[in-house]
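We will walk through it stop by stop, with a note on what to pick at each one.

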Amino acid sequence: MQQLAITGGSEKPLLSLHDINMTFGGVKALKNVSFDVRPGEVHCLAGENGCGKSTLIKIITGVYRPADGASIEYDGETYSHMSPVTAQDRGIQVIWQDLALFPEMSVAENIAFQTVLGRWPKLVDYGRMRKIATDALKRLGITLDVDLPLKEYAIAQRQIVAIARALVGEAKLVFMDEPTASLTQSETDHLLDIVRGLSAAGVAVVFVSHRLAEVLEISSRITVLRDGALVGVYPAAGMTQSRITELMTGKTFDQQVRAKSRDDQPVVLEVKGLSRPGQFDDISLTVRRGETLGITGLLGAGRTELAQTLFGMLQPAAGAITLEGKPVHFSSNRDAIKAGVAYLSEDRLSLGLIQPQSIADNLVISSLGKIVSGGFLSDERKRKLVAGWIADLGVKIGQQGDAISTLSGGNQQRIAIAKWLATDPKLLILDAPTVGVDVGARAGIFDIVAKLAETGLAIILISDEVPEVYFNADRVLHMAQGRIVGSYDPRSVPLSEIEGAVYA
Amino acid sequence: MTGFSERLKGWFGPEMAGPGLALVAVILVFGLVSPQFLSAATFGSVAFQLPELGLLTLAMLLPILTGGLNLAVTFTANIAGLTLAWVLQANGGADAGAGAFALGCVLAVMVGAASGVVMGLVIAFTRAHPILVSLSMMIFLRGLGEFLTRGGDVSGFPAFIGPLGHGSIAGIPVPLIVFIICVLAWHLLLTRTKLGFNTYMIGSNLEATRYSGINTRKVIVLVYTLSGAMCAIAGIIMLARFNSVRIGHGESYLLITVLACFLGGVNPFGGFGRVIPVFVALVVLQLLSSGLNLIGANQHLATAVWGLLLVGVMVLRFAASKFKISFVRKGT
């Protein structure tokens, strides 16, 4: 910290990398990349999945060793490569997207275990742990019960615990890998405040995020990588979201409102007065053939619970669901699927797809009846069905038998959509379909959604990112605290009005 | 060699490599050490010993694929065997007819399946861990069996049952024929039926399978039911081979069935594993013990060598996956 006081704010970088090359099995993951971070700055590392961001972080933190010829200058010393121990000792901390915390252990243990480990005597000093944890949280301006097990807290608080743990290690340079991916807007705002606080205290923060709005809001400089090569380093001032997207993907995108009136179409889903105590209350809505109904609102507004009720996973306490004019009661999601309702889960990793299993098996799991021939499952039918969907939705895969986890987020999501389309649904509920999907691939997902709507499928699109529903839905409902509090037509209302209402 | 192993993979999947190599190694080593090893006698003894352990291993395989375990396999087999024995005794013991035998077999399979149904229901509806549930069932069945038999043997069966344990048809031992039919049935079940498909999916991620519209409880109950029924078939074969039933018969097979599954490339956490490699693994284990027997090693040493073999396979598998990852790993 003393050194920071001397060099603080000067142009001399805290970290400076040159000639970083990294090859995995013949694939060049990084090509002559250079990268620098100034003391106390918030620096954004931007790029699509697979562009080399994580590899670069892993080189800086000593997980990977770069090819010969690399130079890593950090805080006055030069290294040809880092080791994890050196990186930690010298104050480089990473908060990975999965946080790497222990849900069963207390907040205090999660924050302080690294500092308490390995000291003499080798006994656990809970008093000290509690104090370290409380101090670290205080620095962030947060109060949590440090004795509660971490699993009692929501993802946003866990994120803060991970940051607190990084601070305990006297960090000078903190990497945050997609820190806001599972946070709501207000939680994100809070996190950004914390990042600003860290920066003001002299800690440099390197921020990796897909969400370009917050990247622009928080960073002073942006380094863009594409396909393992450096595109450039840009000051955040004067940058726009579309410009960053162009730099990241090498393509141009512009968004237009896709909304149309579908009032002449027959009603597919009608919901009246649907309630589940503590989750949602008195929900009434209709979705017509070919219509995309957007539902937005903060996390915890009851959107996912509503979707799961329409999908039969939860049972309503009151209200009625009518599908194509017939009242329906789903006692499980099997009834819902049979009736023509499909639900793309917001949690693709643990609920939406079976990650270790193959692409083909994930695609056919909900429509096994279609690949039965003579009483037995037919590999030939499966192969054909899968090949058909992969071609239809433009999924890029290696082999059908490869694990689904080998695909990028966008391609996984296409398989998840195909899995539901294979059940011949009348209503498709998409819950946060772009979580963990690259900016470039998102447009592709929404192109598919638009095409599906044109074929007459009724779609409910749920997202906490207002622009997504604004540009891709025909109507937008705003849910808050379990109720529908607003209904908007994107053709007649500006985006800012809906955003204002949702994020207020 | 790589071409050969690639082709093996094409036929049986990647799980085949381990047991396939072990099979070749065992045949080579013992074939060189002992000239009698590659003889009809060795293969005859393997062919008669394989089915008991093999049938119990098939019973163990399905629950493991769902990420569970059935620790009650041996006692379920013997309770089913006892069921058959009592039906035979009630119908004249050594003079019992074929009708009594058929009835006894049906009841035995029903008893085995019932043990599975109970375990399956408890596991599916309470989400209790399969180890605890099947351990409870194992203790219950052992206690029940010891109570009913007072710890002794039940014997005195009609002579026509003998060939089921010792006879041969066209030179192939009858128990082996039964076992191979069961292997093929399991293979068909796992590769060609919805139940088999869902068994793998549940083993990898139960919740995601449920979200996909699969009745996961039904699948789990069916898996344990089939496991129990397979135990009963093992119990019937054991009855015929020993010409008696005792509740403790084959107790030492219990953990070896788990071992055979893992040696056959079954993922201990569920979701992956095939029948044919498990079959080959069983053959390897039997050849190993016959070979050691032939060169005059102590019988207990054979068990120790099985343990060493498994440790060796784990280490090799780890090394192979490391080797593979260093090629596949990509940065993001």
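## First stop: a pair of neighbours

Select A:Gly294 and you will find A:Val476 of strand S21 standing opposite. The two belong to strand S13 (residues 292-296) and strand S21 (residues 475-480) of chain A, which pair in the parallel sense over 4 bridges. Two strands count as paired if DSSP finds at least two bridges between them. Helices (H or I, at least four residues) and strands (E, at least two) are DSSP runs, numbered from the N terminus.

Before moving on, note that this is a predicted model, in which local features need pLDDT of at least 70 and side-chain atom pairs count only at pLDDT 80 or more, while totals for chains, interfaces and linings use all residues. Residues are numbered from 1 along each chain as its sequence is written, and chains are lettered from A and ligands numbered from 1 in the order in which they are written.

## The six-stranded sheet

Now widen the selection to the open sheet of 6 strands in chain A, with the order S16-S19-S20-S13-S21-S22 and mixed pairing. Which strands stand at the edges? They are S16 (341-344) and S22 (483-488) of chain A; each has a single partner strand, so one side of each is left without a neighbour in the sheet. From one strand to the next, the twist averages 20°. Axes here are lines fitted to C-alpha atoms, for helices over the stretch in contact, and angles run from 0 to 180 degrees between N-to-C directions.

## The four-stranded sheet

Still in chain A, select the open sheet of 4 strands with the order S12-S11-S14-S15 and antiparallel pairing. Strands S12 (280-288) and S15 (326-328) of chain A are at its edges, each with a single partner strand, so one side of each lacks a neighbour in the sheet. Here too, the twist averages 20° from one strand to the next. Zoom in on S11 (residues 267-276) and S14 (residues 318-323) of chain A, an antiparallel pair with 5 bridges. Within it, A:Val271 has A:Ile321 as its bridge partner in S14(A).

## A strand with two faces

Select strand S4 (residues 71-74) of chain A. Which residues form its covered face? They are A:Ile72 and A:Tyr74, whereas A:Ser71 and A:Glu73 make up the uncovered one. In a regular strand the side chains alternate between the two faces of the sheet.

S4(A) pairs with strand S1 (residues 15-24) of chain A in the antiparallel sense over 4 bridges, and there A:His18 stands opposite A:Ser71. S4(A) also pairs with S5 (residues 77-79) of chain A, antiparallel over 3 bridges, and A:Tyr74 is opposite A:Glu77 in S5(A). The hairpin of S4(A) and S5(A) has 2 residues between the strands, and A:Asp75 takes a positive phi near 50°.

## Over to chain B

Colour chain B separately: it has 14 helices and 4 strands. Along its principal axes, the C-alpha trace of chain B spans about 70 × 55 × 35 Å.

Now show where the chains meet: 23 residues of chain B are in contact with 27 residues of chain A. Helices H9 (194-204), H10 (206-211) and H14 (299-328) of chain B each supply at least two residues of the side of chain B that touches chain A. Which helix gives the most? It is H9(B), with 5 residues.

Finish on H9(B) itself: 9 of its 11 residues are buried, so H9(B) is largely enclosed by the rest of the structure. (A residue is buried if 20 or more other C-beta atoms lie within 10 Å of its own, exposed if 12 or fewer, and partly exposed in between; C-beta atoms are placed from the backbone.) Among the buried residues are B:Phe197, B:Tyr200 and B:Met201. What covers the buried residues of H9(B) includes helix H13 (359-364) and strand S18 (376-377) of chain A, along with H3 (40-65), H8 (174-192), H10 and H11 (216-242) of chain B.

Technical notes
Two residues are in contact if their C-beta atoms, placed from the backbone, lie within 7 Å.
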